[in-house]
Amino acid sequence: MNGKSSKVLLAALAICSSIVISVSWTYGQTLKVPTSYMPVVITEPFDSIMARWVAAKPEIMKRQMDLLNSRYDLSDRPAKGVTMSRGKPIQEGVRVKLPAGMTWEKLAEVTPEDIREKDVFPPGFFPLPHPNHPEGGMLFPKTHIEEIKKQEQRDLTRFDLDFDIPTHFLPESPAAIYLTTRPDLGDVSQGKLITIENYFEIFNGILNPKQLEGLRLLLTPFPQQQFNTTDDRRSARPSRGVTCFDCHANGHTNGGTHLVGDIRPQEFRHRLDTPSLRGVNIQRLFGSQRVMKSVEDFTEFEQRAAYFDGDPVIATKKGVNILERGSQVHFMAEFQELLDFPPAPKLDIYGMLDPKKATESELRGQAIFFGKAKCAVCHPAPYYTDNLMHNLKTERFYKPRLISGRMASADGPIKTFPLRGIKDSPPYLHDQRLLTLEDTVEFFNMIQQLKLTPQEKKDLVEFMRAL
């Protein structure tokens with residue numbers, strides 16, 4: 001080999017080496033970039049995983065409760081003479097804490113740009129993180145966990161997390177059940193949490209066979225991301241899974257939470273406020289942002305995707321239950337479409353207050369709702385939803401920031417949920433960031449720059465309690 005050939009060979013080897021180095025470096029970097037997928041192969045023993053999470057739990061929960069206490073007044077202060085459908089007291093008052101030296105009246109006079117630059121956006125108005133946002137997953141209130149354990153000997157306890165929002169801010173449990181087909185019966189729940197153990201004795205003779213079968217499926221546990229038989233579950237023992245009505249308890253909601261499955265990376269996923277299934281028969285969009293077009297789509301999507309954080313790869317590993325569309329999904333949807341809003345004795349057939357039954361404050365609140373406050377732009381009577389999505393653009397008021405693993409940024413368009421029976425469904429907004437109706441009024445007063453007076457705010461709350 002001559003000198004020229006040697007130089008060419010050495011140059012070629014150098015190029016090849018640089019390619020290998022470049023590929024290795026690129027591959028190493030690729031392992032660190034965000035991914036849409038969750039890890040499938042778990043090499044750590046389950047006992048080790050559980051011990052690690054159990055040890056971390058106290059610090060995680062302290063951080064979350066410190067966050068909640070810094071944002072809200074969490075005291076138990078029920079409103080006098082106002083309850084949910086089955087008698088649970090409703091919490092009253094603005095619970096969001098203000099920045100030092102600020103008042104709601106002062107904030108109403110400040111532009112969104114000034115609030116953003118001075119960083120005086122109320123902490124409780126920021127998106128609410130999951131108790132452990134990087135981990136996420138279904139999380140149930142203690143009252144529901146205890147009742148399911150009592151009736152079914154099925155344990156929905158997570159060894160790594162506890163539910164964070166105090167019970168007095170959650171919907172009543174068990175919730176009332178009203179049927180569009182039998183309004184004459186009133187609440188058909190018999191004061192019980194409906195489960196696989198008691199549904200037949202309660203509903204046999206009220207529902208037809210298809211609806212009974214649909215209810216059975218809604219009460220049947222199927223594997224889910226945190227509750228299954230694999231080594232990366234979050235239950236101490238292998239779990240049969242969760243049911244649709246573990247979140248939508250009695251066809252309503254118990255306030256259970258999760259993370260939406262349709263956003264990546266993890267820090268941008270929204271905490272989820274489980275919506276009530278009451279009145280789904282009059283709704284035309286399903287999911288806070290996914291805009292599925294039927295209850296059937298929603299029902300099928302929940303088990304195929306939402307149960308497993310939108311990841312069909314991990315779903316296969318953990319035992320996804322594929323529902324048969326022609327019968328099972330149809331039967332489940334048929335029962336859901338029977339769930340009615342609670343009675344509102346002060347409303348007429350048009351969904352407006354009957355002047356002979358309403359108080360002066362409620363009537364003033366109705367006028368504000370349809371007038372100055374512009375609530376009816378998105379929430380028109382009689383069901384108080386326009387079946388559309390709207391973008392509030394709250395990011396006008398603050399600079400993006402990471403809060404306990406949750407990126408507070410632009411939320412985008414969110415579904416308009418119905419306000420009928422709204423007093424039964426705290427906490428409020430799509431991610432549970434607002435604990436009371438008073439908080440909700442203050443939030444929209446700021447976001448819409450309405451400059452409502454204290455009396456107008458009070459009257460607006462009185463009206464919404466009557467819906």
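This is a dialogue about reading the features of a predicted model.

Trainee: Let's start with the inside. Which residues of the largest nonpolar core touch the most other members?

Mentor: A core is a set of buried nonpolar residues joined through their side chains. Here the largest one has 59 residues, and Ile-115, Phe-121, Phe-125, Ile-165, Phe-369, Leu-460 and Met-464 touch the most other members.

Trainee: And which elements give two or more residues to this core?

Mentor: Helix 2 (46–71), helix 3 (104–109), helix 11 (360–370), helix 12 (437–447) and helix 13 (454–465) do. Helix 2 gives the largest share, with seven residues. There's another core as well, lying apart from that one, with 46 residues that include Val-188, Phe-222, Cys-247 and Val-295.

Trainee: Back to Ile-115. What is it in contact with, leaving aside neighbours within four places in sequence?

Mentor: Ile-115 is in contact with Leu-107, Val-110, Val-120, Phe-121, Phe-397 and Met-446 on that count.

Trainee: Now a charged residue. Is Arg-465 buried or exposed?

Mentor: Buried means under 20% relative accessible area. Arg-465 counts as buried because its relative accessibility is 11%. You'll find Arg-465 in helix 13.

Trainee: What does the side chain of Arg-465 join in a polar contact?

Mentor: The side chain of Glu-462, at 3.2 Å. If you skip residues up to four places away in sequence, Arg-465 also touches Ala-79, Val-82, Glu-92, Lys-423, Leu-437 and Glu-438.

Trainee: On to salt bridges, then. How many does a search of the whole structure find?

Mentor: It finds 38. Take Arg-271 and Asp-164 as a case: their closest N and O atoms are 2.8 Å apart. Arg-271 sits in the loop between helix 7 (209–218) and helix 8 (295–304), and Asp-164 in the loop between helix 5 (142–152) and helix 6 (199–203), so this pair ties together parts that are 107 residues apart in sequence. Both Arg-271 and Asp-164 are buried.

Trainee: Where do Asp-297 and Arg-325 lie?

Mentor: Those two side chains meet in a salt bridge, 2.9 Å from N to O. Asp-297 is in helix 8 and Arg-325 in helix 10 (residues 325–336), so here the parts tied together are 28 residues apart in sequence. As for accessibility, Asp-297 is partly exposed, at 27% relative accessible area. Arg-325 is partly exposed too, at 38%.

Trainee: What about Asp-424: which residue does it form a salt bridge with?

Mentor: Asp-424 pairs with Lys-423, the closest N and O atoms being 3.6 Å apart. Asp-424 is buried, with a relative accessible area of 2%. Lys-423 counts as buried as well, at 16%. Salt bridges can also share partners, and in that way Glu-135, Arg-158, Asp-160 and Arg-234 are joined into one network.

Trainee: Pockets next. Which residues lie nearest the centre of the second largest pocket?

Mentor: For a pocket, look at the volume and at the residues that line it. The second largest pocket has a volume of about 570 Å³. Its lining has 24 residues, and Met-38, Pro-39, Pro-134, Glu-135 and Gln-225 lie nearest its centre. The largest share of that lining, three residues, comes from helix 2.

Trainee: Can we read a loop residue too? Where is Leu-339?

Mentor: Leu-339 is in the loop between helix 10 and helix 11. With 2% relative accessibility, Leu-339 counts as buried.

Trainee: Which residues surround Leu-339, leaving aside neighbours within four places in sequence?

Mentor: Leu-339 is in contact with Ile-177, Tyr-178, Thr-180, Gly-251, Leu-277, Arg-278, Gly-279, Val-280 and Asn-281. If you want a distance across the model, the C-alpha atoms of Leu-339 and Leu-98 are separated by 39 Å, and these residues are 241 apart along the chain.

How values were computed:
Residues are numbered from 1 along each chain as its sequence is written. This is a predicted model: local features need pLDDT of at least 70, side-chain atom pairs count only at pLDDT 80 or more; totals for chains, interfaces and linings use all residues. Side-chain values use heavy atoms; hydrogens and water are left out. A nonpolar core is a set of buried Ala, Val, Leu, Ile, Met, Phe, Trp, Tyr and Cys residues joined through side-chain atoms within 4.5 Å. Buried means under 20% relative accessible area, exposed over 50%, partly exposed in between (1.4 Å probe, protein chains only). Helices (H or I, at least four residues) and strands (E, at least two) are DSSP runs, numbered from the N terminus. Contact means heavy atoms within 4.5 Å. A polar contact is a pair of N or O atoms within 3.5 Å; within protein, one must be able to donate a hydrogen and the other to accept it, and residues adjacent in sequence count only if both atoms are side-chain atoms. A salt bridge is a side-chain nitrogen of Lys or Arg within 4 Å of a carboxyl oxygen of Asp or Glu. On a 1 Å grid over the protein atoms alone, a cavity is a set of points where a 1.4 Å probe fits but cannot get out, and a pocket is an open set with protein on both sides within 12 Å along at least five of seven lines; lining residues have an atom within 4 Å of a point. Grid points are joined across faces, edges and corners, and a volume is the space filled by probe spheres set on the points.
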